[in-house]
Amino acid sequence: MYEGHVRTPGEPAVAAPVRPVTLAPLKEDLPPEKRALAEDLRQVFLLLGVGVRRYAARRFLDPASVSRYLNGGRVPPWDFVAGVIADVQDMQAPLTPEAEAALRDLHRAALKSNRHSSEVQELQDQLAEADEETRRITTRQRALEEALLDREGRLAQVRSRCRKLETQLEAQRGEMELWQGEYARLQEESGDLQEQVVYLQEALAVTRAELIAAEDRCHRLEARLETLQEVSGSGREDDEPLSIMVMLEEADRRSSVPELVRAVGDLELRTRKAMAGELVRSATQSRTVEEVTGLLCALRQAGFDAHARTALPAMVMARSIGDTSALARELFREGLEDYVVTLVQASVKFHQPEDLADFALGLHRTGLPGHAESLLGAAAVVRPIPDLVSVTLTLAGGELDDAVAAAMRVAAAQRAVADLVTLSITLRDRNLVRQADALQRAAAAERSAADVAEFIRSLTQHGLGPDAETVFAETQARSVGHLIPLVQVLRDRRAWSVLSRAAQRRPVDDIAILISELYLTGRDQFAADLLLLVVRTRTADQIAQLLLNLDSTGPGADSLLRTVAHVLAPMEAAALLTQLEHHGLTEPAETVFRCMLDGELVGQAALFLTALAQSASRYAGQDFLCRLAGDLDLAPLTSLLLALEAAGLTGSLDAVVRTRYTDCPVLDVALLAKQLPAGGSAREEGVLGCVLGYVIHARSLADQAALVSALQSAGLYVVAERLATEALRTHGRRFGNALTRERTKHEQKVLSRSFWLPDRPGPHSHSRHKRE
């Protein structure tokens with residue numbers, strides 16, 4: 001295999017290939033650099049074994065150009081040289097790295113003999129470096145975006161676990177110490193992740209700015225390189241035709257707008273789109289605003305809209321702010337509003353903060369206030385925080401003060417929460433009070449509940465407590481649909497603050513929705529506290545309407561009241577019932593009363609009854625209790641009696657016992673005694689003593705004796721003995737006789753007629769006698 005190389009001085013020529021190829025002789029009077037390049041390039045080309053025309057057809061090149069490259073008449077671009085080297089390598093005859101490097105050095109030396117070509121090569125090198133820098137920045141941007149996405153995901157998971165632990169801590173206060181360590185660790189991890197997210201966001205913003213600058217540099221280098229490659233300067237060979245770009249530049253200086261449009265059309269027909277675009281850019285940068293407007297309109301009408309749009313960003317970078325503002329006004333007057341939008345977008349991307357502010361002011365003064373506001377709004381979303389603050393400082397207090405405040409509202413709606421915190425701090429430090437207020441009010445009014453909660457926490461952590469309270473107050477003025485998730489993401493103190501404010505200011509319909517959502521999401525305590533607060537502070541009609549809405553929007557008022565009665569403390573439940581009673585809402589009040597007594601927590605029911613008695617409620621009065629006792633089953637009746645005993649309401653207890661056990665069967669008393677066994681708690685003994693005492697003093701001796709027998713039959717021998725002892729002590733021998741009669745009433749007497757009557761034959765006695 002032949003290994004190609006570049007000839008060194010004194011080295012014999014390379015052997016001819018198998019198939020002879022004829023090349024045009026070298027031109028005479030060539031500079032040494034061009035001659036050395038041409039000689040070595042010819043040697044490498046001969047390794048291909050093809051002629052000039054065949055190679056030109058293979059690579060879609062002009063044969064004359066290839067011939068001039070090989071005879072030294074023209075220095076070829078490096079792309080041509082690299083293509084020849086690659087073709088040689090495909091033929092299994094590669095050059096050594098040293099030979100290729102030497103050939104590149106010869107190419108550079110030849111270019112230096114032609115200043116124009118040298119400048120082109122330098123620009124090509126710069127463009128390659130700029131492109132490499134752009135790709136490196138793009139790679140770093142992707143890495144930062146992936147890291148930021150990962151940290152944000154982990155942060156969301158940690159916050160979710162924190163909220164879950166908060167719920168568990170609330171529900172399991174007895175196990176608080178077990179969870180506090182895990183909760184503290186998650187809070188610390190959440191803080192670390194938040195710092196990482198802020199750092200990555202800032203790094204990503206810097207990288208994006210670097211990428212924009214690198215892309216802009218590549219664009220400028222491409223434009224310059226394209227121009228230089230088309231223009232043949234002082235180094236143009238005598239036998240080469242005059243460059244088309246030179247003619248177009250001359251036309252740009254002297255030609256009218258129609259002639260320029262025709263030139264663009266001619267280039268389009270000859271597939272020279274890049275040259276056409278460069279012509280338009282050059283014309284727009286050198287002519288008056290009126291001429292540029294006419295040119296852009298003509299290009300639009302001729303169907304060359306893409307060239308017009310491409311020229312506008314270049315104008316933004318090359319022309320003064322005054323020219324750009326005037327052009328925007330003229331374009332708007334001509335109905336080319338989309339071109340004005342392109343100018344605004346380019347300004348947001350390329351202008352420095354001071355120029356951006358001046359352009360916004362120019363748009364405003366030229367009668368385009370809407371576009372000025374759009375410019376500032378877009379900058380508020382995409383530009384870094386320092387640039388945005390710089391623009392705000394420039395325009396604050398002037399004729400665009402309202403537009404700046406509107407831009408802050410746009411930023412509040414679209415930027416990350418961390419950016420809003422940084423922007424708030426910076427605006428406060430620069431004494432831009434109005435802008436900071438506009439930013440925070442907009443965030444409170446437009447961001448999601450989770451974002452608002454995070455914004456409030458971050459402001460508090462950074463020492464902006466008053467700002468956090470302002471945001472907290474502003475966000476509560478939003479719809480009830482926002483308050484529900486807001487309560488879910490806030491801590492208990494702030495969550496209750498939201499609910500208590502809603503109870504005071506919101507219409508009844510909103511409060512009903514809040515209570516239903518709290519109940520359905522398992523936050524029964526909040527639902528109960530909110531209902532109690534509303535009942536305490538609203539009118540009777542409003543409370544009735546609230547209960548009616550609860551019946552139609554969720555689980556129903558009755559189910560909710562039962563849950564509330566079990567969740568509230570006895571004193572609070574008594575207060576709720578008292579307020580319902582005060583407003584004449586009898587049915588819901590009785591629901592609360594029955595629910596408080598329908599349970600096994602007799603102590604809670606006793607405190608409830610005590611509070612009702614202290615407030616002089618009719619539900620603690622003997623009339624209501626006696627009426628209620630007449631309808632109760634045994635279990636709730638027992639709970640009522642025990643609660644009255646525990647509460648020390650002996651008068652009410654006696655009245656209930658008297659009402660229920662005056663005419664009832666003695667079996668009912670025995671069943672009650674079964675629920676209150678002797679030797680139980682003090683309150684059970686008290687109720688049992690009260691009932692037995694009433695039976696002894698109010699019921700007949702026969703009933704007392706029958707009760708003793710019923711108690712014995714139920715296995716309550718201790719209670720039966722106690723009743724018999726007390727009755728004998730009270731009634732003496734009369735009770736003894738009654739007890740004897742009760743015990744012997746089913747025994748047959750010896751002297752009774754029935755004792756001596758023969759037994760009646762059974763159903764089978766006749767057949768038995770017959771068989772005998």
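**Helix packing in a predicted model**

Helices α23 and α24 run roughly antiparallel to each other, with axes that cross at roughly 150 degrees in this predicted model. The cut-off matters here: an angle over 145 degrees counts as roughly antiparallel. The two axes, for α23 over residues 480-489 and α24 over residues 492-505, come within 8 Å. On the α23 side, the contact is made by Leu483, Leu486 and Val487, which meet Ala495, Val498, Leu499 and Ala502 of α24. Sorted by class, that gives seven nonpolar residues, with no polar and no charged ones.

Just past the end of α29, Gly584 adopts a positive phi of about 75 degrees.

Then there is Leu672, which belongs to helix α35 (residues 666-675). With a relative accessibility of 1%, Leu672 counts as buried, the cut-off being under 20%. Setting aside neighbours within four places in sequence, Leu672 is in contact with Leu634, Thr638, Leu641, Tyr661 and Val691. Take Leu634 from that list: it lies 38 residues from Leu672 in sequence, yet their C-alpha atoms are 7.1 Å apart in space.

How values were computed:
Residues numbered from 1 in each chain as written. Predicted model: local features only at pLDDT ≥ 70, side-chain atom pairs only at ≥ 80, totals over all residues. Heavy atoms only, no water. Axes fitted to C-alpha atoms, helices over the stretch in contact; angles between N-to-C directions. Helix = DSSP H or I, 4+ residues; strand = E, 2+ residues; numbered from the N terminus. Parallel < 35°, antiparallel > 145°, perpendicular 65-115°, else oblique. Contact = heavy atoms within 4.5 Å. Nonpolar A, V, L, I, M, F, W, Y, C, P; charged D, E, K, R; others polar. Buried < 20%, exposed > 50% of the residue type's maximum accessible area, 1.4 Å probe, protein only.
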